[in-house]
Amino acid sequence: FENTLFGMGNPLLDISAVVDKDFLDKFGLKPNDQILAEDKHKPLFEEIIKRNNVEYHAGGSTQNSVKIAQWMIQEPHKVATFFGCIGTDRFGEILKTKAAEAHVDAYYYEQNQEPTGTCAACITGENRSLVANLAAANCYKKEKHLDLDGNWELVKKAKVYYIAGFFLTVSPESILKVAKHASDNNKIFCLNLSAPFISQFFKEPLMKVMPYVDILFGNETEAATFAKELGFETDDIAEIAKKTQNLPKENDKRQRVVVFTQGKDDTVATVGEKVTMFPVLDIDQNDIVDTNGAGDAFVGGFLSALVQDQVLEECIRAGHYAANVIIQRVGCTFPERPEYH
């Protein structure tokens, strides 16, 4: 069961702090968004670490998801493998320690040109605005890491693959190599739309990998942007899911599954020829600490059931449970063990 789940992405250290509207306005941030840092955001990172309520957590979308999957499974350890690039610095050491504590089998490509990537999570109420400074994460190289015999052996060991769309900005050729391996061997390859900017500005690499995608995740905003970019001419989420399911696919042994979450509204999923709604777990709004990591947690829960060959309904139920736990805590953190049956 070890190394059954393979993840590859941007390992980032989350720097999380509660801010106010003035802070968001100062840096031109929307309350609920994910963006890549530009030069104008450099001072944001200097300011956020000076705030009195700042917290540091190991993050990065894909890494969060594989950690949650491991947490849901508990035993054995090292069910999940993770690849990504970090710097040779204190933040990099923190990420290594945190991955080990979470029992994830992380193999980082370490380089000293760029420091370990960070993500500023600017929390206002239930919203979170994420600004990612990829730095080292952007330095992942297929030929320097993925292609190495020992590493590729780990890829081959897996039966489920998950990569967040965020990694399309870093190494689309690495994603394609993994996706083709999964497709050629009738294994399951999962991708996440991750953020509206991926569909808008990285549509070409996204659509290159789409024929290999067995399970596509996204939220309602990402789904709407994707539909717009592809000219679906509908804003009905069930219709978008159906059209996405029917996009060209390489391995016809597996019908594509599309899963769109909608915050507190029903999760939408394609089940065979129809689209089904799955209600999320009820929660008192007052119990929500912040929604940072909710989407990652949903995927993590989903994957934990998927690697155990559970049916789609069970995968979604596990996803809803994990997301429900994470929104009651700061960032993408979790208690010692799940209370899930």
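Ile215 sits in strand E11, which covers residues 215-219. The model is predicted.

**Around Ile215**

Ile215 has a relative accessibility of 6%, so it counts as buried, the limit being under 20%. What does Ile215 touch, once neighbours within four places in sequence are left aside? The contacts are Ile188, Phe189, Cys190, Leu191, Val257, Val259, Phe302 and Leu306. Asn192 lies 23 residues away from Ile215 along the chain. The C-alpha atoms of this pair are 8.4 Å apart.

**The cores**

Nonpolar side chains tend to be buried together in soluble globular proteins. Here, the largest nonpolar core holds 101 residues. Val178, Phe189 and Phe302 have the most contacts inside that core. Which helix gives the most residues to this core? Helix H13, residues 312-326, does, with 9 residues.

Phe302 is also one of the residues that Ile215 contacts. Leaving out neighbours within four places in sequence, Phe302 meets Ile215, Phe217, Val259, Leu312, Cys315, Ile316, Ala318 and Gly319.

There is a second, separate core of 13 residues. Among its members are Ile15, Ala17, Leu44 and Phe45.

Ser16 belongs to strand E2, residues 12-18. Is Ser16 buried or exposed? Its relative accessibility is 4%, so Ser16 counts as buried. Beyond four places in sequence, Ser16 touches Asn53, Val54, Glu55, Ala121, Ile123 and Val330.

Ile35 lies in strand E3, residues 33-36. Ile35 has a relative accessible area of 23% and is therefore partly exposed. Not counting residues up to four places away in sequence, Ile35 is in contact with Leu29, His41, Leu130, Val131, Ala132 and Phe197. Val325 is 290 residues from Ile35 in sequence. From C-alpha to C-alpha, Ile35 and Val325 are 25 Å apart in space.

**Two helix pairs**

Two packed helices are described by the angle between their axes and the distance between the axes. The table gives both values for two pairs.

| Helix pair | Axes come within | Crossing angle |
|---|---|---|
| H10 (residues 220-229) and H11 (residues 237-245) | 10 Å | roughly 60° |
| H3 (residues 61-73) and H13 | 11 Å | roughly 105° |

Take H10 and H11, whose axes cross at roughly 60°. That angle makes H10 oblique to H11. The crossing is left-handed. H10 brings Glu220, Ala223, Ala224, Phe226 and Ala227 to the contact. H11 brings Ile237, Ile240 and Thr244. By class, this contact of H10 with H11 has 6 nonpolar, 1 polar and 1 charged residues.

Now take H3 and H13, whose axes cross at roughly 105°. How is H3 placed relative to H13? H3 is roughly perpendicular to H13, because angles from 65 to 115 degrees count as such. On the H3 side, Ile68, Trp71 and Met72 make the contact. They meet Ala318, Tyr321, Ala322, Val325 and Ile326 of H13. By class, the contact of H3 with H13 has 8 nonpolar, no polar and no charged residues.

Some names link these parts. Ala318 of H13 meets H3, and Ala318 is also in contact with Phe302. Val325 of H13 takes part in the contact with H3, and Val325 is the residue 25 Å from Ile35.

Key: Residues numbered from 1 in each chain as written. Predicted model: local features only at pLDDT ≥ 70, side-chain atom pairs only at ≥ 80, totals over all residues. Heavy atoms only, no water. Axes fitted to C-alpha atoms, helices over the stretch in contact; angles between N-to-C directions. Helix = DSSP H or I, 4+ residues; strand = E, 2+ residues; numbered from the N terminus. Parallel < 35°, antiparallel > 145°, perpendicular 65-115°, else oblique. Left-handed = near helix turned anticlockwise from the far one by under 90°. Contact = heavy atoms within 4.5 Å. Nonpolar A, V, L, I, M, F, W, Y, C, P; charged D, E, K, R; others polar. Core = buried A, V, L, I, M, F, W, Y, C linked by side-chain atoms within 4.5 Å. Buried < 20%, exposed > 50% of the residue type's maximum accessible area, 1.4 Å probe, protein only.
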